[in-house]
Amino acid sequence: MTPTRRDLLGALVAYGLIETCWRRDLFAQEVRPTVDAWFKELGEMSADLRGRKLTDLQFQERMEALYRRVDLPALCRLIRLDEVERRKLPDNGALSAGFDLGSTGGLPAAPGFGKQIFGCGRGRSIVPHGHANMCTGFIVLKGRWVGKHYDRVETAADHYLIRPTIDKEFGPGEVSTISDHKDNIHWFRAATDGAYIFNVHLDGYDPRLGAGSGRLYLDPAGERVAGGLVKAVKMSSADCHRKYG
Ligand SMILES: [Fe+2]
């Protein structure tokens with residue numbers, strides 16, 4: 001008996017389903033444990049920072065080392081970057097998308113850190129800002145970014161004195177981190193279309209630093225003053241996005 005068109009279509013659909021399941025199974029068995037272990041290590045070092053077993057500078061070093069050995073395709077798959085990529089990117093500033101880690105092996109339900117994916121179209125920015133009482137780190141997932149960091153040296157009523165520390169192009173897999181004591185301010189502008197960054201952040205990591213305070217917006221294109229510093233005027237989010245978003 002020759003197969004009908006319907007039989008053939010049915011077989012193709014079944015084959016597709018089997019293939020999808022096989023790929024999912026492969027991910028679950030071979031890739032997932034590596035990403036789970038990676039997130040578990042991130043959770044442990046987050047607990048060590050909060051428990052003051054690590055200083056923020058040590059945490060930054062550890063976080064960067066861990067970030068550098070991430071399995072990037074596996075991370076992108078776990079956090080479903082493909083679904084985020086289907087969303088429209090904003091005309092100004094960055095998209096911020098949450099993701100669910102599900103039952104990532106070994107991580108407690110509250111892993112001790114916040115997480116998100118940032119996305120920008122070409123020329124758009126995660127605008128210049130600093131943080132107070134927060135450690136955070138970026139991994140570029142896709143596209144190229146011009147990334148700048150500054151130390152926040154002094155805080156005055158209407159401005160910060162900042163020192164440029166990093167100014168380079170970042171591609172997939174490249175990383176950068178922030179604490180109150182190193183590279184506290186960042187500004188990432190997408191140099192290509194559809195550029196995405198993975199972000200983890202730990203708010204209020206040290207009670208001695210006082211209450212955390214969201215983003216500290218500023219204008220890094222300020223007056224150059226003595227000692228290689230820049231007088232960066234404080235800005236509102238709206239003004240900062242108008243100028244840099
Ligand atoms: Fe930030």
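Select M134 and look at what it touches: beyond residues up to four places away in sequence, M134 is in contact (C-beta atoms, placed from the backbone, within 7 Å) with H201, L202, D203, Y205 and G212. Before you click on, note that this is a predicted model, where local features need pLDDT of at least 70, side-chain atom pairs count only at pLDDT 80 or more, and totals for chains, interfaces and linings use all residues. Residues are numbered from 1 along each chain as its sequence is written.

M134 counts as buried because it has 24 C-beta neighbours inside 10 Å; the cut-offs are 20 or more other C-beta atoms within 10 Å for buried, 12 or fewer for exposed, and partly exposed in between, with C-beta atoms placed from the backbone.

Next stop, Y196. Leaving aside neighbours within four places in sequence, Y196 is in contact with L81, V84, I117, F118, G119, L141, K142 and G143.

Last, pick helix 2, residues 56-68. Which of its residues are buried? Colour D56, F59, Q60, M63 and Y67. They share one side of helix 2, because they cover an arc of only 100 degrees around the axis (taken from the directions from the helix axis to the C-beta atoms). Turn to the other side of helix 2 and you'll find A65 and R68 exposed.

How values were computed. Contact = placed C-beta atoms within 7 Å. Helix = DSSP H or I, 4+ residues; strand = E, 2+ residues; numbered from the N terminus. Expected span 1.5 Å × (residues − 1).
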